[in-house]
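Welcome, and thanks for bringing this protein along. Let's walk through its structure together, from the overall build to a few individual side chains.

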Amino acid sequence: MSDAHKSDLLLVVVTLLAAISWMFSKEAVLLMPPLLFMAARFLLAGSLLAIVASRSLKRLSADQLKRSVGVGLVFGTAMSCWIMGLFHGTHVGEGAFLTSLGVVIVPVIARLVFKEPQPASTWIAIPIAVAGLALLSLKNGFRPELGQLFFVCAATIFALYFTLNTRAANQRTVVNRQGESVEKHRVPALPLTAIALLTVGTLTLVESLLLESWTAVMEGFSGILVWWIVASAVIGTAGRFLLQTYAQSLSANSHGVVILVLEPVWVALFAAGWFSETMSATQLAGCGLIFAALLVNRWGVISKALKGWLRSRQSA
């Protein structure tokens with residue numbers, strides 16, 4: 001199996017772990033302050049990975065460490081918006097589709113910030129995604145819910161995180177201000193993930209100390225809450241993001257992100273079974289348009305994969 005195919009397969013597993021993590025997180029924020037939950041979740045997950053990655057962490061250069069922390073700060077900002085969206089949102093499935101807008105925004109960030117050329121499908125997908133967003137938020141006029149606004153902010157910042165994470169996980173050559181070519185050494189997946197998760201945990205802990213009260217959760221701490229935190233940390237965070245970073249390290253371009261379009265579908269299905277969620281016709285139409293935008297955005301990759309599958313079927 002080629003590295004590209006292995007990357008795709010791992011990203012499918014990532015989407016399943018991510019969808020399950022939505023359920024764990026929603027259960028947890030019903031019992032404790034959302035930012036405190038994120039701090040506990042990410043500090044635990046990051047610590048577990050840091051123990052495993054202790055040797056490789058010591059070998060990182062100052063530049064590699066700096067870039068890893070930078071990835072973590074962007075990631076932490078996105079996760080702060082995401083958990084507040086989950087806390088205030090009324091539909092987990094809808095939130096997943098809103099967050100998935102980050103997949104559409106990734107190539108836009110890559111073009112505007114890093115000058116990477118993008119196919120025409122990117123610019124076709126954007127108005128479709130905006131139309132889907134409108135259907136989700138234009139109830140009784142333009143009155144988007146607070147949770148929806150947080151999810152859209154998270155999607156935008158996630159796009160920057162995904163791009164920075166891919167660049168940090170791959171070897172590349174850049175031109176500095178003096179016009180000299182400088183080799184940027186890749187950060188191995190394990191230490192990169194450990195540093196990023198610890199940075200997220202530290203950032204959300206500071207936010208929680210400033211913005212939240214811990215009294216109620218300390219008085220009502222229970223075994224089931226411990227389970228949601230541990231499950232979120234081990235399965236939905238350490239396992240999921242390590243796999244995602246490793247998968248990204250197998251492919252130098254961002255085309256593998258097309259696989260992540262599966263995440264909101266899994267989340268909507270799990271939310272329907274887990275929380276008995278239902279959506280109105282307008283909500284379903286909005287989610288459908290966002291999903292269509294994701295497919296259009298990566299149509300080049302999808303069509304190439306379909307052609308390859310058809311050729312293999314014909315030759316069999």
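The report below covers the fold, the nonpolar regions, the charged pairs, the cysteines and one backbone detail.

## Overall build

Please keep in mind that this is a predicted model. The protein chain has 14 helices and 2 strands. Of its 316 residues, 48% count as buried.

The accessible surface of the protein chain comes to about 14800 Å², and carbon and sulfur atoms account for 68% of that area. Among contacts between residues at least 6 apart in sequence, 86% join residues at least 24 apart.

In soluble globular proteins, nonpolar side chains tend to be buried together. Here the largest nonpolar core has 64 residues, and those with the most contacts inside it are Trp22, Phe75, Trp82 and Ile83. Helix 4 (residues 62-88) supplies the largest share of this core, with 10 residues. Apart from it lies another core, of 6 residues, including Val14, Ala247, Leu250 and Ile259.

Which residues does isoleucine 83 touch, leaving aside its neighbours within four places in sequence? They are Val29, Pro34, Leu35, Phe37 and Met38.

## A nonpolar patch on the surface

Some nonpolar side chains are found on the outside. Leu44, Leu48, Phe221, Val226, Val230, Val234 and Ile235 form a surface patch with about 500 Å² of accessible area together. Two elements, helix 2 (34-52) and helix 11 (223-249), each give two or more residues to the patch, and helix 11 gives the most, with 4 residues.

Phenylalanine 221 lies in the loop between helix 10 (215-219) and helix 11. Its relative accessibility is 45%, so phenylalanine 221 counts as partly exposed.

## Salt bridges

Side chains of opposite charge can pair when their charged atoms come close. The structure holds 2 salt bridges. In one of them, arginine 67 pairs with aspartate 63, with the closest N and O atoms 3.0 Å apart. The two residues are separated by about one helical turn, because they sit 4 residues apart in helix 4. Arginine 67 counts as buried at 14% relative accessibility, whereas aspartate 63 is partly exposed at 30%.

Glutamate 263 and arginine 240 also meet through their side chains in a salt bridge, at 3.7 Å from N to O. This pair links distant parts of the chain: glutamate 263 belongs to helix 12 and arginine 240 to helix 11, 23 residues apart. Glutamate 263 is buried, with a relative accessible area of 15%, and arginine 240 counts as buried at 13%.

A disulfide is a covalent bond between the sulfur atoms of two cysteines. How many disulfides does a search of the whole structure find? The search finds 0.

A disulfide would need the sulfur atoms within 2.5 Å. Cysteine 81 counts as buried, at 15% relative accessibility, while cysteine 153 is partly exposed, at 39%.

## A backbone detail

One last stop is serine 276, in the loop between helix 12 (262-274) and helix 13 (281-297). Its phi is near 55°, a positive value in a residue other than glycine. Is serine 276 buried or exposed? At 58% relative accessibility, serine 276 counts as exposed, because the cut-off for that class is over 50%.

Key:
Residues numbered from 1 in each chain as written. Predicted model: local features only at pLDDT ≥ 70, side-chain atom pairs only at ≥ 80, totals over all residues. Heavy atoms only, no water. Core = buried A, V, L, I, M, F, W, Y, C linked by side-chain atoms within 4.5 Å. Buried < 20%, exposed > 50% of the residue type's maximum accessible area, 1.4 Å probe, protein only. Contact = heavy atoms within 4.5 Å. Patch = residues over 30% accessible without salt bridge, like charges linked within 9 Å, V, L, I, M, F, W, Y side chains within 5 Å. Areas by Shrake-Rupley, 256 points an atom, 1.4 Å probe, with all protein chains shown as cover. Salt bridge = Lys/Arg side-chain N within 4 Å of Asp/Glu carboxyl O.
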